Amino acid sequence: MTQKVKVAITVNGTLYEREVEPRLLLSDFIRHEIGLKGTHVGCEHGLCGACTVLIDGQSSRSCTLFAVMVDGSEIKTVESLGTMEKLHPIQEAFTEVHALQCGYCTPGFLMTTVEFLEGNPNPTAEEAREAIDGNFCRCTGYENIVKAVQLAAKKMAAH
Amino acid sequence: MKPAPFEYFAPTSVSEALDKLSELGYSGKVLAGGQSLIPAMNFRMARPSALVDLNKVKELSYIKPTSDGGLAIGTMTRDSLVEENALVNERFPILVRTLKHVAHKQIRNRGTFGGAIAHADPAAQLPAASLLLDANLKVLSKSGERWVKATDFFIGPFMTVLEPEEMLAEVVLPPLAPRTGTSYQQVSRQKGGYAQAAVISAVTLDAADKVKEVRVALFSVGETALLAKKPHEVLAGTVPTAEAIEEVAAYVAKNECDPGTDIHGTEEYRRNLVHVLVRRSLTEAVQQAKR
Amino acid sequence: MAEKYVGQSIRRNEDPRLLTGNSTFIDDINLAGMLHIAIKRSDFAHAKINKIDVEKAKALPGVVAVYTAEDLGDYWRPGPLQVPPPSVIKGAVFFARPLECIAKNKIRFSGEPVAVVVAESRYIAEDALDLIELDVEPLPYVGDLEKSLDPGAALVHEDLESNLAADVVQEDGSWEKAAAEADVIVKKRILVNRLAGAAMENRGLVANWDANLSLLTIWATTQGPIPMRNSIAKYLGLLENQVRLINPSIGGGFGPKIMSSQIDDVVIPWIAMKLKRPVKWIEDRRENFLGTTSERDQLHYAEIALKKDGTILGFKDVFYHNTGAYNPYGMTVPLNTQTHTVSNYHIPNFYTRIKMVFTNQMVVTPVRGAGRPQGVFVMERMIDAAAKELGMDPVELRRKNLLQPEAFPLRTGIIGQDFVEGILDSGNYPYALEKTVEGIEYEKFKKEIQPKARAEGKYKGIGVVMFTEGTAVGPYEGCKVMVGVTGKVSVITAYSNQGQAHYTTFAQVAADNLGVKVTDVDVVTGDSGQWSWGVGAFASRGITLVGTAIHNASLKVREKALNLASKLLETPVEELELEDGVVRIADMPEKSISLGELAMRSNPTRGTVEPGMEPGLEAASYYGPPHGVTGFGCLGMIVDVDPETGKIKIEKLVITDDCGQPVNPMVVDGQLHGGLQMGIGDGFYEHLVYDDYGQLLTASFMDYLFPQATDMPAKTEIIHSITKTSLNPLGIKGVGEAGAIAPPACMMQAFEDAVGLKDMFISESILNPSKLYHYIQKAKGA
């Protein structure tokens with residue numbers, strides 16, 4: 001009889017009460033149990049950052065956590081930012097300076113940027129580059145992502 | 001890469017956790033931050049049959065000043081909390097510098113201070129920092145409490161003196177003496193990646209700039225984090241010169257580390273790194289101590 | 001007609017969807033009743049299979065089926081070859097050994113599939129993998145390229161006499177004569193190591209067989225949807241249009257996703273038809289390293305003959321090319337190497353020979369650059385070696401031997417991957433060299449900055465190398481352009497997209513010709529149900545071939561629209577304008593008719609039509625170039641080296657790149673940034689390493705490294721050179737791989753320049769701090 005554990009996890013403001021296997025990865029919980037597909041899986045060993053979400057406001061990999069470990073927590077994923085009709089300023093910045101190509105790693109970068117700009121609303125290029133260092137991208141060479149983070153800071157200050 | 005199945009327990013207090021660990025014995029494993037354990041489980045290189053998750057034991061997360069001017073850090077305190085804590089920044093800036101080299105922020109937001117020490121990865125920063133800072137480790141089990149010095153704690157790669165039913169509960173750091181300079185030196189392929197060699201050192205000088213104490217911790221160059229002996233032997237009681245530091249660095253590289261060859265570097269290269277980094281580390285620590 | 005979009009840096013149409021999590025990638029596809037697949041892969045590199053015991057796996061609750069090669073019966077077959085053999089090259093020897101989708105009697109590389117598990121969840125499927133037992137007889141591992149041809153070496157393919165997979169010689173003029181007349185001959189042994197595509201998204205496939213409709217629907221992360229669909233249909237005994245193959249959004253391609261006839265596209269659709277339930281396979285990262293093709297891995301013995309004034313007289317290159325356990329991709333990669341050794345400089349005599357060998361390693365198929373980086377690396381290193389020998393400045397030696405603009409179009413004398421003799425269509429190499437030399441401030445660096453740094457104990461160095469990129473080869477691509485009754489435009493093609501902005505750049509071409517907003521052009525790619533002719537995304541051919549087809553098709557649609565409008569407005573075509581989605585009379589703008597209205601009117605539902613009438617404002621067009629077009633450029637780099645630790649820092653990058661007419665300069669720059677990142681990875685980070693037993697040691701991101709943000713320089717400057725080709729109406733060339741080609745050669749030159757030791761010559765393409773340290777020690781000791 002496979003053990004099931006009750007969890008109550010809030011994702012983007014909605015409380016989800018489920019019974020899950022303890023070994024269910026948080027990334028799989030978000031994507032398949034709840035059906036939010038914006039968070040992507042790139043490596044399942046915590047290095048690439050594609051699966052980065054915010055847990056109680058702090059950026060974290062979701063592939064190196066079991067869903068049961070975040071019982072009671074509040075998670076924010078890329079779906080909490082903007083919509084296709086109304087992009088979040090960070091998303092606006094990304095499209096304005098071509099900071100995404102295939103888009104697979106992008107949600108992870110966006111969530112990392114949310115946390116970063118909260119703590120550093122006016123970063124230098126060097127600070128922005130360091131802040132995104134834990135997210136891998138294979139398409140863009142990071143150049144435009146660094147620009148986007150700084151542009152996003154300006155946009156958010158203007159709001 | 002999904003992990004193999006396991007039994008799961010999520011106690012909400014220390015005593016509940018200790019009861020469970022005692023009951024499980026060899027089949028139980030503590031789950032702290034999970035940032036080292038879960039990747040290993042996803043690769044199915046680690047297959048614990050039961051996990052005792054400490055994430056709900058809130059009483060294990062704290063940073064408290066001790067009466068002698070040091071700090072006591074609860075085992076489940078997140079690395080990023082330690083890094084950003086005002087007392088830590090004030091009393092142990094070398095710990096903050098060290099933490100900034102631990103992977104990336106996303107990992108530090110979940111990884112725990114005690115978890116990294118108990119995991120005893122020979123290539124990890126915090127075990128070496130605990131040696132450098134002469135930490136005292138509080139170990140709990142259902143049958144009671146014992147204290148182990150960091151210098152007695154690590155016995156091999158991923159191996160400590162912890163018994164299966166025991167958990168590391170607290171790390172106590174004695175205060176740094178006045179006129180102590182420190183330095184962190186590391187060579188890794190990339191930022192946030194594993195070091196190919198790393199040295200953390202602390203030098204305490206007296207009023208005449210003579211060395212009172214030298215501590216040099218090394219990691220990624222042996223089966224465990226290491227504390228070199230020669231630096232203190234040679235430099236204690238002297239005003240350190242560049243030549244003396246050079247002699248010490250060469251000795252440590254040759255005799256007090258045990259790096260291997262892997263796809264990222266040869267043994268010769270790593271010994272060379274130890275030589276260079278001990279030299280740079282001691283030089284910087286001495287400079288800093290003088291200020 | 002005003003050029004509105006082509007040439008402009010505009011925002012991408014596809015971004016809002018990708019940014020907000022509203023795209024569908026392969027793992028986002030969920031169908032009711034879907035089962036999950038996990039693949040058991042061999043740990044052994046070379047072994048005879050005695051038995052694969054799957055009984056325990058089958059018995060695990062939640063497991064629906066476990067298949068091995070035996071279960072496939074007659075359906076199991078090797079191949080077919082994805083690229084035909086080079087029979088057009090005189091004297092070429094090629095032993096075709098196409099990929100086996102799943103190992104039958106023998107295992108030939110570690111990672112080769114041996115069994116497939118189908119279960120209710122991926123978690124359970126992986127549990128079942130643990131229960132599969134392999135009973136094998138290990139055989140000696142063949143891993144060394146040269147030793148693989150030793151007499152008595154174990155045979156990867158026992159029906160062959162040796163591990164020689166191909167032997168292809170191409171030559172022009174006489175190397176012997178050049179060598180005899182030379183003042184200086186420089187010989188070097190140069191190693192180019194293996195690396196992975198490592199896209200952020202791994203591969204995947206979902207298959208669903210609807211027996212009632214006789215429709216097999218497949219979603220796949222393939223770069224070549226139509227050939228894959230055709231192959232699946234053929235072998236399952238279906239008509240092409242009974243298989244609908246759809247590309248979801250794809251998270252990066254870089255080459256390996258073009259491979260087909262692998263376990264996923266051969267076995268999984270078969271399983272779907274057998275079980276009559278949808279099935280999904282998502283590759284994980286470890287599996288991607290073990291089971292997806294990779295590239296580079298050559299050993300060159302090169303010689304260059306020069307006069308003492310630096311004039312190159314001839315070049316000789318005999319090289320081993322590792323194809324891995326099979327050679328399904330023909331000679332594409334090493335032919336690209338051959339063509340790109342000689343495409344920058346005037347080389348009147350050359351002899352180049354490929355010895356392709358089988359080894360017990362992963363199969364080699366293109367990864368961004370696809371053989372070109374190796375050719376450029378070897379030539380640029382040889383020029384640097386010659387410069388040292390002659391005491392000449394490396395930039396000066398290049399300047400002296402560059403092909404001049406007047407030389408184009410130039411027949412290279414080498415047959416390339418498209419089986420025709422290479423023709424360098426257009427170019428201005430000296431311009432690219434001068435722009436980069438100026439941009440990186442070469443003179444100032446050598447005369448002031450470097451000496452000053454050295455005096456301060458810092459080791460800074462500079463590298464300048466040339467590169468070409470053969471792009472846009474045939475056979476063809478095609479598309480359909482259609483105006484909808486809403487007035488919006490559909491562009492439909494089969495050319496797969498993995499992030500290269502096709503939804504925007506293709507739209508830009510159509511929008512210009514049809515006078516509509518680029519955001520009103522909807523591009524559909526990679527759905528065989530909507531358009532079923534095409535080849536695939538490789539060789540940086542998308543914008544050139546598809547762009548040209550779209551250009552031609554949209555011009556036909558424009559003509560239809562204007563002709564119909566002319567009838568309806570009773571005005572000659574010459575007096576009509578098409579702008580803002582509306583056809584109007586030039587000096588009577590209030591008399592107009594919208595494109596949407598025209599589309600309606602072009603498709604009557606009653607009445608009669610004239611003979612030869614085609615309904616709708618729609619046109620299809622195909623484009624197949626006679627040969628490829630060659631992009632080119634020059635890369636400059638300034639590095640800082642710490643000789644004590646071997647650590648490096650790239651301080652500045654300047655690249656001049658020429659891709660003909662850029663359709664969207666911002667997108668072109670993005671391709672260059674990404675390519676440069678991969679090239680830098682190629683030179684200092686990325687290395688697939690096999691141990692002495694054929695085990696892959698680098699099967700995770702812990703060991704397989706590639707540049708992070710802080711590994712890239714703070715300053716990257718891109719200079720656009722525009723030499724339009726006359727081969728297509730828009731003057732476009734490809735650029736997707738350009739950035740990845742030159743960095744390793746540039747880095748090695750720059751490292752040598754930084755360290756400044758006379759006897760230091762870096763003869764391999766992938767370094768790390770430890771290797772660099774050892775090169776320095778060796779040169780110091782010499």
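How many residues of chain C are in contact with how many residues of chain B?

Analyst: In this predicted model, local features need pLDDT of at least 70 and side-chain atom pairs count only at pLDDT 80 or more, whereas totals for chains, interfaces and linings use all residues. Residues are numbered from 1 along each chain as its sequence is written, chains are lettered from A and ligands numbered from 1 in the order in which they are written, and side-chain values use heavy atoms, with hydrogens and water left out.

The contact joins 33 residues of chain C to 26 residues of chain B, where contact means heavy atoms within 4.5 Å. About 2600 Å² is buried between these two chains, and carbon and sulfur atoms give 53% of that area. Buried area is the accessible area (1.4 Å probe) that two parts lose on being put together, summed over both.

Charged side chains also meet here: the count between chain C and chain B is 7 salt bridges. A salt bridge is a side-chain nitrogen of Lys or Arg within 4 Å of a carboxyl oxygen of Asp or Glu. One of the pairs is Arg44(B) with Asp127(C), whose closest N and O atoms are 2.8 Å apart. Across the interface of chain C and chain B there are 20 residue pairs in polar contact, both residues being at pLDDT 80 or more. A polar contact is a pair of N or O atoms within 3.5 Å; within protein, one must be able to donate a hydrogen and the other to accept it, and residues adjacent in sequence count only if both atoms are side-chain atoms.

On the side of chain C that touches chain B, at least two residues each come from helix 4 (122-130), helix 8 (285-291) and helix 20 (769-781) of chain C. Helix 4 of chain C gives the most, with 5 residues. Helices here are DSSP runs (H or I, at least four residues), as are strands (E, at least two), and both are numbered from the N terminus. Sorted by class, this side of chain C has 13 nonpolar, 8 polar and 12 charged residues. Ala, Val, Leu, Ile, Met, Phe, Trp, Tyr, Cys and Pro count as nonpolar, Asp, Glu, Lys and Arg as charged, and the others, Gly among them, as polar.

Individual residues of the two chains may be examined in turn. Ser80(B) lies in helix 3 (residues 79-84) of chain B and counts as buried, because its relative accessibility is 1%. Buried means under 20% relative accessible area, exposed over 50%, and partly exposed in between (1.4 Å probe, protein chains only). Leaving aside residues up to four places away in sequence, Ser80(B) touches Gln58(A), Lys105(B), Arg108(B) and Asn109(B).

In chain C, Ser260(C) is found in the loop between strand 12 (243-246) and helix 7 (263-275). At 11% relative accessibility, Ser260(C) counts as buried. With residues up to four places away in sequence again left out, Ser260(C) touches Gln82(C), Leu99(C), Met228(C) and Asp265(C).

Helix 19 of chain C has 13 of its 13 residues buried, so this helix is largely enclosed by the rest of the structure. Just after helix 19 of chain C, Gly756(C) takes a positive phi of about 70 degrees.
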